[in-house]
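Hello,

Here is the structure we talked about. Please open it first, then read my notes below.

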Amino acid sequence: MSAKIRLTQDEQLVLMREALVEAERGLADGEAPIGCVIARRGEILVRGHNRVQATRRWTSHAEMIAFEKGGLPLDADDLVLVSSLEPCVMCTGAAMESKIALILFGLRAPADSGTGRVRPPSSPDTHAPEVIGDVLAAESRRLFERFVRGKEGTPEARYAEQLLALTAGDVTE
C-alpha cells in the first residue's frame, strides 16, 4: 500500500516547473517536449525527457528514461512522478510497477489517457497511484505549439498536432 501524498499547490508548481525544464531540454534536442521528474519528499531523485528520436526507440518516453536512470529506492511508497504530459499506458503501467504513489501531470493527452485507461493487476506489489492533472497545462501546451511550428503536416508533428487539436479550448491560463 502506498503512502497518501499531500502536496501543496506551491509544491505541485515547483515540481511541475522542473518537469517543464526537462521538456524544454527535449525540445532543444528536437524531441517532443515532454519532461519528467521523480521526487520523494520534495527532493528530485531522477529526471528525464523524451529521447525517441535520439534512440530510435518508441519506448524512450520521458518517464521511461527517468525510470531507466535508476536510483529509486525499492522500498519507497512515497514517490511522486511528475510529467509535463499525461503519461501513456506504458508509462502509467511502469509507474504502478514502480510503486509511484502520485502521478502529477500537466497537459491531458485525450487520445492516450494512460492514467484513465490502466488499472493495476491484483498483484500485491502493484497499485494504482493517485492522479492529479492540469498542473501548468497551458505552459506544456505552449511547448507543443513551439514544437509543431514549421513542421506542420509532417510525420514528426502528427502526434503533437492531434494533441493540440484535442486540447484546444481545454486549457486556461
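Arginine 41 is exposed, with a relative accessible area of 68%. Exposed means over 50% relative accessible area, buried means under 20%, and partly exposed lies in between (1.4 Å probe, protein chains only). Arginine 41 sits in the loop between strand 1 (35–40) and strand 2 (43–49). Its phi is positive, near 50 degrees, and arginine 41 is not a glycine. Helices (H or I, at least four residues) and strands (E, at least two) are DSSP runs, numbered from the N terminus.

Two notes on the source. This is a predicted model, where local features need pLDDT of at least 70 and side-chain atom pairs count only at pLDDT 80 or more, while totals for chains, interfaces and linings use all residues. Residues are numbered from 1 along each chain as its sequence is written, and side-chain values use heavy atoms, with hydrogens and water left out.

Leucine 136 also has a positive phi, near 55 degrees. Leucine 136 lies in the loop between strand 5 (130–132) and helix 6. Is leucine 136 buried or exposed? Leucine 136 is buried, at 16% relative accessible area.

Next, two alanines in loops. Alanine 157 is in the loop between helix 6 and helix 7. Its relative accessible area is 0%, so alanine 157 is buried. Beyond residues up to four places away in sequence, alanine 157 touches Phe147, Val148 and Lys151. Contact means heavy atoms within 4.5 Å.

Alanine 111 is in the loop between strand 4 and helix 5. Alanine 111 is partly exposed, with a relative accessible area of 37%. Leaving aside neighbours within four places in sequence, alanine 111 is in contact with Arg117, Gln162 and Leu166. The C-alpha atoms of alanine 111 and leucine 163 are 7.4 Å apart, although 52 residues separate the two along the chain.

Now look at helix 4 (residues 89–97). Its buried residues are Cys91, Thr92, Ala94, Ala95 and Met96. They pack against helix 3 (62–69), strand 3 (79–85), strand 4 (100–107) and helix 5 (114–117). Lysine 99 follows helix 4 and has a positive phi, near 60 degrees.

How do helix 1 and helix 6 pack? Helix 1 (residues 9–28) and helix 6 meet at an angle of about 0 degrees, with their axes 11 Å apart. Axes are lines fitted to C-alpha atoms, for helices over the stretch in contact, and angles run from 0 to 180 degrees between N-to-C directions. The two helices, helix 1 and helix 6, are therefore roughly parallel. That term covers angles under 35 degrees; over 145 is roughly antiparallel, 65 to 115 roughly perpendicular, and the rest oblique. From helix 1, Leu20, Ala23, Glu24 and Leu27 meet Glu139, Ser140, Leu143, Arg146 and Phe147 of helix 6. The residues of this contact divide into five nonpolar, one polar and three charged. Nonpolar means Ala, Val, Leu, Ile, Met, Phe, Trp, Tyr, Cys and Pro; charged means Asp, Glu, Lys and Arg; the others, Gly among them, are polar.

Last, the largest pocket. It holds about 560 Å³ of space. The lining has 22 residues, and the closest to the centre are Ala32, Asn50, Trp58, His61 and Tyr159. A pocket is an open set of points on a 1 Å grid over the protein atoms alone, where a 1.4 Å probe fits, with protein on both sides within 12 Å along at least five of seven lines; lining residues have an atom within 4 Å of a point. Points are joined across faces, edges and corners, and the volume is the space filled by probe spheres set on them. The lining divides into 13 nonpolar, four polar and five charged residues.

Best wishes
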